[in-house]
Amino acid sequence: MQIRTAAIALTLLILAGCAAQTPDIAAEEASPYPIPNEVVAIAGPNQDLTTARVDPADDCYWYYHAGPVETTLVPLRAANGNHICNARTS
């Protein structure tokens, strides 16, 4: 009986150590996307915004599309189909 109780207590202690730690950042400040909120707002559906990033070569946003065969970098598009790019200054 004591071995069973000790085993249960040890299991609970181990599981308590595996509990998720919450970060100090407030939930409203943390964003799951590495891109600005304005870009998230205009992005079309069915795109993985968690992998989106700006390509410095063309200053447009790209994301990784995981297909059945390969993962490919494709341009991030707005709901109307246009590429989402930063405005260039002259």
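Entry 1: The model is a predicted one, in which local features need pLDDT of at least 70 and side-chain atom pairs count only at pLDDT 80 or more, while totals for chains, interfaces and linings use all residues. Residues are numbered from 1 along each chain as its sequence is written, and side-chain values use heavy atoms, with hydrogens and water left out.

I noted that Asp59 lies in the loop between β1 and β2. Most residues other than glycine have a negative phi. Asp59 is not a glycine, yet its phi is positive.

**Entry 2: another positive phi.** I also looked up Asn46, which has a positive phi of about 60° although it is not a glycine. Asn46 sits in the loop between α2 (37–42) and β1. At 78% relative accessibility, Asn46 counts as exposed.

**Entry 3: the elements.** I listed 2 helices and 3 strands in the protein. From the N terminus on, they run α-α-β-β-β. Helices (H or I, at least four residues) and strands (E, at least two) are DSSP runs, numbered from the N terminus.

**Entry 4: the sheet.** I traced an open sheet of 3 strands in the order β1-β2-β3, with antiparallel pairing. Two strands pair if DSSP finds at least two bridges between them. β1 (53–55) and β3 (71–75) stand at the edges with a single partner strand each, so one side of each has no neighbour in the sheet. Neighbouring strands of this sheet are turned by 45° against each other on average, direction ignored. For such angles, axes are lines fitted to C-alpha atoms (for helices over the stretch in contact), and angles run from 0 to 180 degrees between N-to-C directions.

How many bridges join β1 to β2? I counted 3 bridges between β1 and strand β2 (residues 60–66). Arg53 has Trp62 as its bridge partner in β2, and Asp55 has Cys60. Between β2 and β3 there are 5 bridges, and these strands run antiparallel. Tyr64 stands opposite Leu73 in β3. β2 and β3 form a hairpin with 4 residues between them.

**Entry 5: the disulfide.** A disulfide is taken as a pair of cysteine sulfur atoms within 2.5 Å. By this rule I found 1 disulfide. Cys60 and Cys85 form a disulfide, with sulfur atoms 1.7 Å apart. The link of Cys60 and Cys85 is right-handed, with 90° about the S-S bond. The pair links distant parts of the chain, 25 residues apart: Cys60 is in strand β2 and Cys85 in the segment after β3. Cys60 counts as buried, at 9% relative accessibility, whereas Cys85 is partly exposed, with a relative accessible area of 36%.

**Entry 6: totals.** Of the 90 residues of the protein, 17% count as buried. The protein exposes about 7300 Å², and carbon and sulfur atoms supply 59% of it; accessible areas come from the Shrake-Rupley method with a 1.4 Å probe, and for residues only the protein chains shown count as cover. Among contacts (heavy atoms within 4.5 Å) between residues at least 6 apart in sequence, 36% join residues at least 24 apart.

Note on methods. Buried means under 20% relative accessible area, exposed over 50%, partly exposed in between (1.4 Å probe, protein chains only).
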